[in-house]
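This report looks at salt bridges and at the parts of the chain that they join.

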Amino acid sequence: MQDWRGRMLARVERVLRDDIRPSLYRLRDTVPLSAWEAPGEPVAVGVALAERYSPLGEGDAWGRAWGTTWFRLAGTVPAAWRVHDDELLELSIDIGFTDGRAGFQAEGLLWDAAGRVLKGIEPLQRNFAMPEGPGDAFVYYVEAAANPDIAQDFTFVPTTLGDQSAAGAEHLYRLGPIEVGIRHMPTWHLEQDLRVLAGLASGLTATGARRDSILMAVERALNVIDPDDVRGSAGRARRELSPVLTQPAHASAHRIHAVGHAHIDSAWLWPVRETRRKVARSFANVLALMEQHPDLTFAASSAQQYAWIKTDYPELYERVKGRVAEGRFIPVGGQWVEPDCNLPSGESMARQFIEGKQFFIREFGVEPLEVWVPDSFGYSASLPQIAAAAGSRYFLTQKISWNETNVFPHHSFLWEGIDGTRMFTHFPPADTYHAHVSAQELLLAESQFADGGRTNVSLLPFGWGDGGGGPTEEMLASAARFADLEGAPRVSLSTPSQFFADATADDDDLPVWVGELYLERHRGVSTTQVALKRGNRLAERLLREAELWCTVATVRAGLPYPAEDLSRIWQAVLLLQFHDILPGSSITWVHREAAGQYAALHAELENLIDAAARHVMGRGGKTAHLNAGPLPLEGVPGLGAVTAGDPALERGRGPHADRLSTGDTLLENHLLRVVISSEGAITSLIDRQSEREIIPPGSAAGELRLHHDTPTTWDAWDLDKHYLARAIEPDGSVDVSILEIAPGVPAVVITRDIGASSARIEYRLSPVEARLEVSIDLDWREDEKLLKYMLPLDVHADRVATEVGFGHVYRPTHTNTSWEEARFEVVAHRWLHVGEPGYGVALANEATYGYSLSREAFGESVGTVIGISLARAPRYPDPESDRGHHHYRFALRLGAGIPEAVSEGYRLNVPIREVRGVETGDIDPLLRVDAPGVVVEAVKLADDGSGDVIVRLYESYGNRARCSLTTAFDAGWVTESDLLERPAEPRVVLGEPADGRVDLELRPFQLVTLRIARGRKR
């Protein structure tokens, strides 16, 4: 019997391949074809339609990498044809598709002769239902993109095809058949019946009666199919299958809400300009399907992608708006793009929601309530409160199913963030965000669902994704057949809001997951493409400064606030935070373009800052020091400015450097004593205030360690733990010298070779704090290597505090459990802190994110080792990743607690700005907060143009805090708001400041946005 089952399933595949699919079309006729190749970048449809086209035919080569060819399809439907009620007249277009996945090869967009978008042309979306009839002439155009297959079935072979300038000029594709035909729908439906039943039978247990009854019905159906007249026998075959297709599902069957979707990476193995066209193709596909399937709903995230359609395809955008109004085309996520959820700052994550939701509300009158980031590479523990502060209620991802070591224990649960905010979270148990509604996926969802004792529903996003494409009619056929089918979960076409309402109807007993959602994979993205991460960090800082000083200039001196410019710049930065751009996992073209965009954005922000500061201070002969950070720095108040001086140096005692008789080099002042060996390593670092040696016995800090870095898969993404076993012995020359970098300010400089690369490391001491300042200039010329800067510390700590957005989390240094062992590389923002009772060390960075944290034995003591990941060199998908020059700055603060760590992070990342040639160098801060742990993260004017001042602050130490906020301008009512600057719910009016002062009480890590009316009451 077992052999019979296997043979029957094999027979189904043979009949589908040899008999049914070749019989789908009763009649076919070749369409005359001509072509025009665009000479450079894509052109507007009006330009293309006016060009002269040359004849082309099946088998002809076309398409240089990343080029665009327009095909003109002009012909007449044969007058002798007759289209019956159970048939469909179609245009079938094969521009040279291979058997690979949709979205990773040539694609096209079908236009009519009037320049109206009709639908996308993809490997599995190649048919168009023609409105013409027999005898009618027709003219259509296909805008075909010769996108190279960078994916190559994800064999991770390096390729230059991702670099437009090096991709070559040869044609990549050959035209397949382009025809008009009459599709016989009963035969097509028979194909769908057999596909669904064979899939279900294959997935059911081998001894199940349901499986055998399905296969027996299938056998009867196959026996009545006449190979010489498949279309004539299709109806009889379908009647044999009807009894098993109408058996209802069990009452306890899992219930699946199927939502049409097309996850479209805003850049990845294609540039941003191609994403704009991918979105148009996918949206057009969906709109075309909706015409034929009134029950189809479709969820699409990323306000940026809608904005592209509005700009590039206004007629298509109006059709999208119509479907949004019907509730069938559904904006989800509420963010500008689907960002990386670890690397952007807390304020950047807030702006993702602000810019995204404002767009959806303004354009459609819709506010998405779910966070929709199925494919990002782990999720910060601060995300629940940021999302909740934006008015979101739910969170969805499936990426944690990619874990290499541990299976996440829940699919529907409450996720608790660092401030205690909880958010209902769902992981689709089918483990995919681009399902095909196959029996395999549905049965997997039912069998894997981990929370069946509490709820019995899950969500299934279906449709071709990553490169786009969206749902297909085959997927909809599957959903219809699985609506109520014995042996399978019940499937209903649904919406995200319907799912979340159903899933949370009884959520009193949901499990709770506390802290970050760490992805046990893709750990390398915290380091890959170092330059882009520096560009992002600098853009975040400059936006902070620009908003602050433009607000000051408006409130104090009446300068018009550049709201539109700032919003536009924010949107550009938010796009660059997409989860394949900022992580560095895209092609060369994407990274090169992003670098240029960062440079332009930085320059524009510098101009805004300079203009605002000079408008307030006037022009003259003085120099001002501006501090946009929240805490006092070098004698400058937070958020204010003073006439230039250098009180820091005046208060301190100058450092001293000397060569010791041992050959070591000494760098010291009254706070620290540093000894650097002739090999360039720090062998001693003494905190003179506590008389404590920080370097563990027999160890050394500041060593550069080079490792082979060849992940098993996903080169740019993954950092596999086996890199630790593949260290490369240091070689090359080392030079240690003393350099006077300013009068009376010595530094110790180490220059050394590392493999094919070289580095210059400079150490200097702060005159006023127990701080060792480190700068590294790296000329990186490696392939498939990882470089780490090592800091062993004689501090006994079983955990390390690492900054995340609007707070910090503790990460273990030990590996007691498999969950801890899997976290061998983690993300930190501006600082981390290693502490034991009574003593701690803070490490601040200027633009690095990847760290390893471990415990090691040094003689009789156990210390903590920090490994800073400086650079990688993956070869796929960008063979040029990271090669070149990089600059790093760090600060190691001894005898530090969390407050000093926070302070160091801001000092290094929001440094004093010097402005020369001003009339007055003094700017009193617009506002002050009297608790140092409550820090101001943003000061801006309200987005509604009212002139109200918006202040965003948070508690940074992890303590409860009481503080007073004092304004230095004429303030009216102060109201707590959400991130979108709407009154918080329940409404909290803090009142009119007494003498410009408002009292606040914050719980640990609480995020607060205040709206302060200027000079009037509310």
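## Salt bridges

Glutamate 143 and arginine 277 form a salt bridge in which the closest N and O atoms are 2.8 Å apart. Glutamate 143 lies in strand S10 (residues 137-145) and arginine 277 in helix H6 (residues 272-292), so this pair ties together parts that are 134 residues apart in sequence. The model is a predicted one. Glutamate 143 is buried, with a relative accessible area of 4%, and arginine 277 is buried as well, at 5%.

Both residues also belong to a network of salt bridges that links Glu41, Glu107, Glu143, Arg273, Glu274, Arg277, Lys278 and Arg281.

A further salt bridge is formed by arginine 481 and aspartate 193, with the closest N and O atoms 2.6 Å apart. Arginine 481 is in helix H12 (residues 473-481) and aspartate 193 in helix H3 (residues 185-203), so the parts tied together are 288 residues apart in sequence. Arginine 481 has a relative accessible area of 13% and is buried; aspartate 193 counts as buried at 2%.

Arginine 568 pairs with glutamate 604 in a salt bridge, the closest N and O atoms being 2.5 Å apart. Because arginine 568 lies in helix H15 (residues 563-576) and glutamate 604 in helix H16 (residues 588-617), the pair ties together parts that are 36 residues apart in sequence. Arginine 568 is partly exposed, with a relative accessible area of 39%, and glutamate 604 is partly exposed at 25%.

| Salt bridge | Closest N and O atoms |
|---|---|
| Glutamate 143 and arginine 277 | 2.8 Å |
| Arginine 481 and aspartate 193 | 2.6 Å |
| Arginine 568 and glutamate 604 | 2.5 Å |

The structure holds 82 salt bridges.

How values were computed: Residues are numbered from 1 along each chain as its sequence is written. This is a predicted model: local features need pLDDT of at least 70, side-chain atom pairs count only at pLDDT 80 or more; totals for chains, interfaces and linings use all residues. Side-chain values use heavy atoms; hydrogens and water are left out. A salt bridge is a side-chain nitrogen of Lys or Arg within 4 Å of a carboxyl oxygen of Asp or Glu. Helices (H or I, at least four residues) and strands (E, at least two) are DSSP runs, numbered from the N terminus. Buried means under 20% relative accessible area, exposed over 50%, partly exposed in between (1.4 Å probe, protein chains only).
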